[in-house]
Amino acid sequence: MMNYSEDPKTLDLYPALAFEEDLTPDIVEDHIEEKSKTIYEATKGWGSDKKQLIEALGMTTDEDRMQIPIKFSQIYNGDNLRDLMKKECGGNDFGLALQYLGLTPVEAECAMMKKACDGLGTDERLLYSVLCGRSNKDMELFKKTYYKVYTRDVVEKVTGEVSGTLKTCVISSLQAAEEEYDPGFHTNDKAIEDAEKIYAAGQGRFGKDTKELTKIIVLSPPKHLKNVNSYYADKYGYTLFKAIEKEFGGDAEKSVLFTLGLKLKPFETIAKLIKAACAGIGTDELLLTCTLIRYQKYLPYINLAHEELFQKSIQERVKSECGGNYKKLLLALVNKVSPEE
C-alpha cells in the first residue's frame with residue numbers, strides 16, 4: 001500500500017494524457033476504437049443494450065476515458081457521447097453515471113461541480129469534495145476546462161453558492177496556491193509557528209478566527225502539515241482533526257476536515273466519504289457515483305482502507321446500497337482496478 005502517512009503528498013487525479021496540448025484522435029489506442037464501436041452498436045435502433053454499455057464504459061480507466069469521447073466523436077460525425085448517454089439512458093442514477101463516464105475526467109469533474117450548484121440550493125458536500133484537497137496542476141487544468149466548457153469563471157460561480165468559512169475553504173482551494181514543500185523553509189520552527197497560529201486563531205482567542213485557521217490548512221503542503229499536526233498534538237494535547245471539531249460546525253467543519261484528511265490520510269478520508277454517501281436513510285447516489293469515478297485509480301488503496309475501517313469491501317457496500325444496472329455499472333468501475341477476490 002502506498003504509504004502516504006510516512007510521506008504525505010496531495011493526490012493527483014488527472015491522467016497524464018489530460019495535460020497533453022494536442023490530444024488528437026490519431027494517437028488513440030486500438031482498444032479505444034473497439035469500445036467506441038461497441039457503444040455505437042449498443043445504442044443503434046430502438047432502445048439500448050445496457051449490458052454492452054456497462055462493459056464498454058464501466059470497464060474503463062481514466063486514461064481510457066480521456067480517449068473514448070474523442071474517438072467516438074471522430075468516428076461518428078461529431079456525435080457527443082455524453083449527449084448520447086443522456087438520450088439513451090436518461091438522467092436517473094444509471095444514466096447520469098454513464099454521462100460522466102462519457103466525458104473526459106476533467107470535463108466530468110466540471111459537470112459534477114456544475115451539478116452541485118444547479119437547482120434550488122447547493123450540494124455543499126459534493127462541492128467541497130470536488131474542489132478541496134487538490135494538487136495545483138490539477139486545479140489549474142480544472143479551472144481552465146470549466147471556463148472552456150461553460151464560458152464562466154469557476155471562482156465567480158462558486159462565490160455565489162457558499163458563505164463563511166466554507167466559502168474560505170473552497171475559494172482558497174480554487175486558488176491552486178498550495179505551497180511546494182521546501183525543507184529549508186518548512187522547518188521545525190515553521191511547524192511550531194503554524195501550530196501556535198492555529199491555536200491562537202481558535203482555542204486560544206475569544207472569538208475564533210476560523211478563516212485564518214482554514215487558510216493555513218488549505219495552503220500548507222502535506223509534509224509540513226504532518227509536522228504541524230505533531231507539534232500541535234504534543235503542545236495542546238489533541239490533533240488538528242480534534243481542534244477543527246472543537247472550533248467548527250456544519251459544512252465548514254466537514255470541508256476543512258476533508259481537506260486536512262486528504263492531505264494526511266487520503267485513502268481513509270475517501271473511504272469515509274464513500275461510507276457517508278451510504279449513511280442514514282437512503283443513499284446519496286450522486287455523491288457515491290462522483291466519488292467512485294473521480295478516485296477510481298486509487299480504489300485499490302481506498303478499498304484496503306475501507307475494509308480496515310468498516311470490515312467490508314467497497315463492492316459489498318455497493319451491492320447492499322444500489323440495485324439494477326446502476327449497481328452493475330459501479331461494480332464494473334471498481335472491479336476494473338480493484339477486482340473482488
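This is a predicted model: local features need pLDDT of at least 70, side-chain atom pairs count only at pLDDT 80 or more; totals for chains, interfaces and linings use all residues.
**Overall build**

I went through the secondary structure next and counted 20 helices and zero strands. The radius of gyration came out at 21 Å, close to the 20 Å that the globule rule gives for 341 residues, so the chain is as compact as a globular protein of that length. I also boxed the C-alpha atoms along the principal axes and got roughly 70 × 40 × 40 Å.

How much of the chain is buried? I find 52% of the 341 residues in that class. I then looked at contacts with a separation of 6 or more, and 72% of them join residues 24 or more positions apart.

In soluble globular proteins, nonpolar side chains tend to be buried together. Here I find that the largest nonpolar core has 109 residues, and the ones with the most contacts inside it are I39, M113, L131, F142, V158, L292 and I302. Which helix gives this core its largest share? That is α6 (residues 105-117), with eight residues.

Leaving out neighbours within four places in sequence, V158 contacts M113, L127, L131, V170, I171 and L174. M113 and L131 are also on the list of residues with the most contacts in the core.

**Helix α1**

I checked α1 (residues 30-42) for length. Its 13 residues reach 19 Å from first C-alpha to last, close to the 18 Å expected at 1.5 Å a residue. Its buried residues are I32, K35, S36, I39 and A42. What do they pack against? I get α2 (50-58), α3 (62-75) and α4 (81-89). I39 turns up again here, as it was among the residues with the most contacts in the core.

**L98 in α5**

I moved on to L98, which sits in α5 (residues 93-101). Buried or exposed? L98 is buried, at 0% relative accessible area. Setting aside residues up to four places away in sequence, L98 touches L53, L57, M85, C89 and L329. I also took a distance to L299, which is 201 residues from L98 along the chain: their C-alpha atoms are 19 Å apart.

I ran the same length check on α11 (residues 188-201). Its 14 residues should span 20 Å at 1.5 Å a residue, and the end C-alpha atoms are 20 Å apart, which agrees. The buried set in α11 is K190, A191, D194, A195, I198 and A201. These cover an arc of only 135 degrees around the axis, which puts them on the same side of α11. Their packing partners are α12 (210-219), α13 (222-236) and α14 (240-247).

Then I stepped back to T187, in the loop between α10 (164-174) and α11. T187 is partly exposed, with a relative accessible area of 28%; the cut-off for buried is under 20%. H224 lies 37 residues from T187 along the chain, yet I find their C-alpha atoms separated by 8.0 Å.

Over in α12 I looked up T210. At 13% relative accessible area, T210 is buried. Not counting residues up to four places away, T210 touches T165, A201, E247 and F248. A201 is one of the buried residues of α11.

**Two positive phi angles**

I flagged A176 for a phi near 50 degrees, a positive value in a residue other than glycine. A176 lies in the loop between α10 and α11, and at 13% relative accessibility it counts as buried.

Q311 went on the list too: its phi is about 55 degrees, positive although it is not a glycine. I find Q311 in the loop between α18 (299-310) and α19 (314-321). Buried or exposed? Q311 is exposed, with a relative accessible area of 63%.

Note on methods: Residues are numbered from 1 along each chain as its sequence is written. Side-chain values use heavy atoms; hydrogens and water are left out. Helices (H or I, at least four residues) and strands (E, at least two) are DSSP runs, numbered from the N terminus. The expected span of a helix is 1.5 Å times one less than its number of residues. Buried means under 20% relative accessible area, exposed over 50%, partly exposed in between (1.4 Å probe, protein chains only). The arc is that of the directions from the helix axis to the C-beta atoms. Contact means heavy atoms within 4.5 Å. The radius of gyration is taken over C-alpha atoms; the globule rule is 2.2 Å times the number of residues to the power 0.38. A nonpolar core is a set of buried Ala, Val, Leu, Ile, Met, Phe, Trp, Tyr and Cys residues joined through side-chain atoms within 4.5 Å.
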